[in-house]
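Q: I would like to learn how to read this chain feature by feature. Where do we start?

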Amino acid sequence: MMHYLNGSVRLTRWFSTGKSRTKLFIGGLSYDTNETVLKDSFGKHGEIVEVKVLCDHVSSKSRGYGFVQFTSEVAASAAIKEMDGMLLDGRNIRVQYAHKG
């Protein structure tokens, strides 16, 4: 649904930043990092709904990034503050809110 205001088109959710506040993007992962490692590392910040490490279809190795979704925004925020730039499996990881897409 679209709203028209002064001749310009605005989406109904114009106020949204387009980012999830419970789902985090984790970049810079070691190719050896798996979902168990991510769950163990991020689980101390709150209850996790889902953990996903994206893998190559041929080699089954990590592509170097994944996602962690928490049950609450508070837990996700705490995880960003604590984990961004931290060393995990020998690599400094990047942690930020995932973009909806």
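A: We start with a definition. A salt bridge is a side-chain nitrogen of Lys or Arg within 4 Å of a carboxyl oxygen of Asp or Glu. Before the case, some ground rules. This is a predicted model: local features need pLDDT of at least 70, side-chain atom pairs count only at pLDDT 80 or more, and totals for chains, interfaces and linings use all residues. Residues are numbered from 1 along each chain as its sequence is written, and side-chain values use heavy atoms, leaving out hydrogens and water.

Q: How many salt bridges does this rule give?
A: The count is one. Asp 32 pairs with Lys 61, and their closest N and O atoms are 3.5 Å apart. The pair links distant parts of the chain, 29 residues apart. Asp 32 sits in the loop between S3 and H1, Lys 61 in the loop between S4 and S5.

Q: Is Asp 32 buried or exposed?
A: Relative accessible area decides: buried is under 20%, exposed over 50%, partly exposed in between, with a 1.4 Å probe and protein chains only. Asp 32 counts as exposed because its relative accessibility is 57%. Lys 61, at 43%, is partly exposed. Across the chain, 32% of the 101 residues count as buried.

Q: How do I read a nonpolar core?
A: Take buried Ala, Val, Leu, Ile, Met, Phe, Trp, Tyr and Cys residues and join them through side-chain atoms within 4.5 Å. The largest such core has 19 residues. Leu 24, Ile 26, Leu 38, Phe 42 and Phe 70 have the most contacts inside it. H2 gives the most to this core, with five residues.

Q: What does Phe 42 touch?
A: Contact means heavy atoms within 4.5 Å. Leaving out residues up to four places away in sequence, the partners of Phe 42 include Ile 26, Val 68, Phe 70 and Met 83.

Q: Where does His 45 lie?
A: His 45 is in the loop between helix H1 (35-42) and strand S4 (48-55). His 45 is buried because its relative accessible area is 16%.

Note on methods. Helices (H or I, at least four residues) and strands (E, at least two) are DSSP runs, numbered from the N terminus.
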